[in-house]
Amino acid sequence: MLNRNLVKVLSKVYRYENSEYDFDKKVDVYQIPDSLSNEQKELLKASNFELNRVREHNHDNVIKELKGIVENAHLEYIVSNMFIKAIGSGFNRGIQSIFSYYFAQNMPLHDFDLLTRKGYRTENTCKICGINKKMWHNDSENLYDLYIGYCRFGGYAEMLLDLKEVLTFKNITATDNEKSVFLKVIEIIENAPNDETPSKLIKRLAKEKCLPGSNNTSRVWIVKCLAELGILKNRYDANYSIMNPFIHYEQKLEWELDIHKNSPSRAEVEFPISAWRGKLGVNRDYVEKIMANAKTR
Ligand SMILES: [Zn+2]
């Protein structure tokens, strides 16, 4: 696991002003800025962290590797505890992994299957999982994003980067206090006014100061993750959850286009989060499932 001080130094490196765009590979690469103190430069050097690990990923390999990783029986326990810690104590690295795990677990093993849609740029997207056929990534920057709680929900090769690192984590167990904060947050969400929108919910969670150690970025992604887990219900599928049988990318795209049709033209919409309103409330079954999976066996 990257240590906290290194993540702080990286937050000064992975900024737009230090980046250069590689047009061939369509990725940003970064230079160490002069603004780093000598101490920070030393820390970075001593960590051996490679700032620009740029790699090519291809769909079929990502899928095979994801399916292989989730055969590890211990993973469900780790990701459940990580997520409770993310909510209970601001452990931002813990938000993404529960999504990555269930995505990989429930997704069928498959070869790339091109999405074809009129008027849509889809020459590179798989209709089953949404992962691109081929793409270059700056894995180092993507890993840093996971540490600040900036997630990728949907078809992204970053899930593999995520779970590969999670396999190296040991002894991640949520404390009783983190578990009670988690349950308290669910209760606060459950008490939403009927017309509450996701963005109002995020503001309310900030105001209630119920998410210790959180910031704007992590609160947004925690709420989006709760929608992916089906804890926040959506109006398209009452039983939707990434923990349930896999829903193809093509179907999710369909729902997303439908949300678009019924939203102001400039609104950013995303399935499932944009399809939540306060009156739909919370699905307690999925809360209990995560709590049960986080118990030591
Ligand atoms: Zn696919």
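Two strands pair if DSSP finds at least two bridges between them. The views below show a predicted model.

**View 1. A hairpin built from strand 1 and strand 2.** Strand 1 covers residues 19–22, and strand 2 covers residues 27–30. The two run antiparallel. Four bridges join them. Which residue of strand 2 is the bridge partner of Glu20? That partner is Val29. Four residues lie between the strands. Lys26 sits in this turn, with a positive phi of about 55 degrees.

**View 2. The largest nonpolar core.** This core has 74 residues. Phe83, Ile87, Ile98, Ile222 and Cys225 have the most contacts inside it. Helix 4, residues 75–89, supplies the largest share of the core, with eight residues. Two domains also contribute: domain 1 (1–52) and domain 2 (176–293) each give at least three residues.

**View 3. The surroundings of Phe83.** Which residues does Phe83 touch, leaving out those up to four places away in sequence? They are Gly94, Ile95, Ile98 and Ile290. Ile98 is also listed with Phe83 among the core residues with the most contacts.

**View 4. The whole protein chain, for orientation.** The chain has 12 helices and four strands. Its radius of gyration is 19 Å, close to the 19 Å that the globule rule gives for 297 residues, so the chain is as compact as a globular protein of that length. The C-alpha atoms fill a box of roughly 50 × 50 × 40 Å along the principal axes. Of the 297 residues, 38% are buried. Among contacts between residues at least 6 apart in sequence, 71% join residues at least 24 apart.

Note on methods: Residues numbered from 1 in each chain as written. Predicted model: local features only at pLDDT ≥ 70, side-chain atom pairs only at ≥ 80, totals over all residues. Core = buried A, V, L, I, M, F, W, Y, C linked by C-beta atoms within 7 Å. Buried ≥ 20, exposed ≤ 12 C-beta atoms within 10 Å, placed from the backbone. Domains from an automatic or database assignment. Contact = placed C-beta atoms within 7 Å. Rg over C-alpha atoms; globule rule 2.2 N^0.38 Å.
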